[in-house]
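Reader: I have a chain to look through before setting up calculations. Could we take it feature by feature?

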Amino acid sequence: MASPGSGVVRREKKSDARSEHMGELAMLFLTEPSAKYKESFLEGLREFQEEGTLLQYNLPRLTADFDDYLRHVNRVYNRASMPPYFVPDTRYWLIEGDEDNGVYVGNLTVRHELNELLLKVGGHIGYQIRPSWRRQGYGREILRLGLQKARALGITRALVTCDETNIASKKVIEYNGGQFENAVYVEGSAVKKLRYWIDIV
């Protein structure tokens, strides 16, 4: 599992109850999914599902057998045995707090390479912030930290995309150096996908 170290950022502590267990500065870091953060992850998943996203997860089943879920998301795939439409990726959770008492804030996926579909609409990095923690700067930080993870994999130019209607994600990408290339149509959707490239230094 990844642990706090390089790629750790400290934020001014919020005055609300969820940050009372921390000191004057709240620490943010990316880590591979872990049972340490099970309860806050499940709380976040409930929030996502209440807004109609991440419905592919069976919450009661996941709650009952969380270890099986972790084995699946943390699995290291052999590239040669993967279906042609799959690419290797690494999944992370954004945690606020320290390593032992942190709270799940959001999730991020770094795709190690791109296939034809991902080159058009998916990109190297995808991320989500749990609904109750949005509009507080966490989107900027999760993408910034995710770019560091991508750089460690040898990715020096990352493609990041968002829906044209997602103004918040558009601002997050541009804040992190995203250079707009174009907007493309997605089959079956009336909403275009905006494509940005970020040079990682």
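Reader: What percentage of the 201 residues in the protein chain is buried?
Author: This is a predicted model, in which local features need pLDDT of at least 70, side-chain atom pairs count only at pLDDT 80 or more, and totals for chains, interfaces and linings use all residues. Residues are numbered from 1 along each chain as its sequence is written, and side-chain values use heavy atoms, with hydrogens and water left out. Buried means under 20% relative accessible area, exposed over 50%, and partly exposed in between, with a 1.4 Å probe and protein chains only. Of the 201 residues in the protein chain, the buried share is 44%.

Reader: Which strands are the edge strands of the open sheet of 3 strands?
Author: Two strands pair if DSSP finds at least two bridges between them. The open sheet has the order 6-8-7, with antiparallel pairing. Each edge strand pairs on one side only; these are strand 6 (157–163) and strand 7 (179–184).

Reader: Which residue in strand 8 is the bridge partner of C162?
Author: Strand 6 and strand 8 (residues 193–199) are paired in the antiparallel sense over 7 bridges. Strand 6 is mostly covered, with 5 of its 7 residues buried. The partner of C162 in strand 8 is L194.

Reader: Are the rings of F41 and W93 stacked or edge-to-face?
Author: Rings of Phe, Tyr and Trp (its six-membered ring) pair if their centres lie within 6.5 Å; planes under 30 degrees apart count as stacked, over 60 as edge-to-face and the rest as tilted. The count by this rule is 10 aromatic pairs. For F41 and W93, the centres are 4.5 Å apart and the planes lie at 15°, so the pair is stacked.

Reader: How many residues apart are F41 and W93?
Author: F41 is buried at 5% relative accessibility. W93 is buried too, at 2%. F41 sits in helix 1 (residues 38–50) and W93 in strand 3, so the pair links distant parts of the chain, 52 residues apart.

Reader: Which residues form one aromatic cluster with F41 and W93?
Author: The stacked pair of F41 and W93 belongs to this cluster.

Reader: Is the pair of F180 and Y196 stacked or edge-to-face?
Author: F180 lies in strand 7 and Y196 in strand 8, so the pair ties together parts that are 16 residues apart in sequence. F180 is partly exposed at 48% relative accessibility, whereas Y196 is buried at 1%. Their ring centres are 5.6 Å apart and their planes lie at 65°, so the pair is edge-to-face.

Reader: What is the volume of the largest pocket?
Author: On a 1 Å grid over the protein atoms alone, a pocket is an open set of points where a 1.4 Å probe fits, with protein on both sides within 12 Å along at least five of seven lines; lining residues have an atom within 4 Å of a point. Grid points are joined across faces, edges and corners, and a volume is the space filled by probe spheres set on the points. The lining has 46 residues, with N107, G126, Y127, Q128 and I129 nearest the centre. The volume is about 1300 Å³.

Reader: How many charged residues are in the lining of the largest pocket?
Author: Ala, Val, Leu, Ile, Met, Phe, Trp, Tyr, Cys and Pro count as nonpolar, Asp, Glu, Lys and Arg as charged, and the others, Gly among them, as polar. The lining has 23 nonpolar and 13 polar residues. The charged residues number 10.

Reader: Which element supplies the largest share of the lining of the second largest pocket?
Author: The second largest pocket holds about 490 Å³ of space. Its lining has 19 residues, and Y77, V87, P88, D89 and R91 are the closest to its centre. Helix 3 (66–73) and strand 3 (89–96) each supply at least two lining residues. The largest share, 3 residues, comes from strand 3.

Note on methods
Helices (H or I, at least four residues) and strands (E, at least two) are DSSP runs, numbered from the N terminus.
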